[in-house]
Amino acid sequence: MVKKVAIPLEFKYDFVLGAWTTILKGFLYAIRKKYGAFAALEIYEMVSKMDDRIRNMTKSLMKIFKIEGNDIEKIEKFYDIWWEVTGAESSWLERSKTSITQRITECPFKTEPKDISEWDLIFPNIVVKTINPKAAVERPKSMCAGDPYCEFIYKIEV
């Protein structure tokens, strides 16, 4: 019997996260190069919604980490965990009962071509709508669009 190689958990995490971000960006870039920016965004959105992938992942993360509270608190807790897991650097700038503003200063998902910068609104739109169908997200600044940081504003309609 062959002895199993012991691989440190930290290496596995770094490997998987690196592979995920590299493959995601690679597919976006390849589709953009062959079919244009619009097709890249359209296909990314289609894959994100297919089989409720992001909705199911959102629900799973919320269940595993027992995320509770009002909906704006749920969004905040979700993203505290999400950015910690994915290795981004983020901070919360403003909070109210119906709105929160988040700044991302380092992100492993940052893409270069500005014409596909809207891709990073697809994921958060699905996440917030999973938490509350009346939730919305705006992104006034984006590193993918050339800004020095990303800024997301999450709101719940009352």
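How many disulfides does the count come to? I began my notebook with that, keeping in mind that this is a predicted model.

**Entry 1: the cysteines**

I looked up the disulfides, and the count comes to zero. I then checked Cys144, which is in no disulfide. The nearest cysteine sulfur to it belongs to Cys150, 5.8 Å away.

**Entry 2: the fold**

Next I stepped back to the whole chain. I found five helices and four strands. Reading from the N terminus, I wrote the order down as α-α-α-α-β-β-α-β-β. The radius of gyration is 17 Å, close to the 15 Å that the globule rule gives for 158 residues, so the chain is as compact as a globular protein of that length.

I also looked up the extent of the C-alpha trace, which spans about 60 × 40 × 30 Å along its principal axes.

How much of the chain counts as buried? My note says 41% of the 158 residues.

I then looked at contacts between residues at least 6 apart in sequence, and 58% of them join residues at least 24 apart.

Charges came next. The chain has 25 positive and 23 negative charges, and I found their mean positions 5 Å apart.

**Entry 3: a visit to Tyr44**

Tyr44 sits in helix H2, which covers residues 37-49. Its relative accessibility is 13%, and the cut-off for buried is under 20%, so Tyr44 counts as buried.

Which residues is Tyr44 in contact with, leaving aside its neighbours within four places in sequence? I listed Leu24, Leu28, Trp119, Ile122 and Phe123.

Tyr44 and Phe27 are 17 residues apart in sequence, and their C-alpha atoms are 8.8 Å apart in space.

Note on methods. Residues numbered from 1 in each chain as written. Predicted model: local features only at pLDDT ≥ 70, side-chain atom pairs only at ≥ 80, totals over all residues. Heavy atoms only, no water. Helix = DSSP H or I, 4+ residues; strand = E, 2+ residues; numbered from the N terminus. Rg over C-alpha atoms; globule rule 2.2 N^0.38 Å. Buried < 20%, exposed > 50% of the residue type's maximum accessible area, 1.4 Å probe, protein only. Contact = heavy atoms within 4.5 Å. Lys, Arg positive; Asp, Glu negative; His and termini not counted. Charge placed at Lys NZ, Arg CZ, Asp CG, Glu CD. Disulfide = S-S within 2.5 Å.
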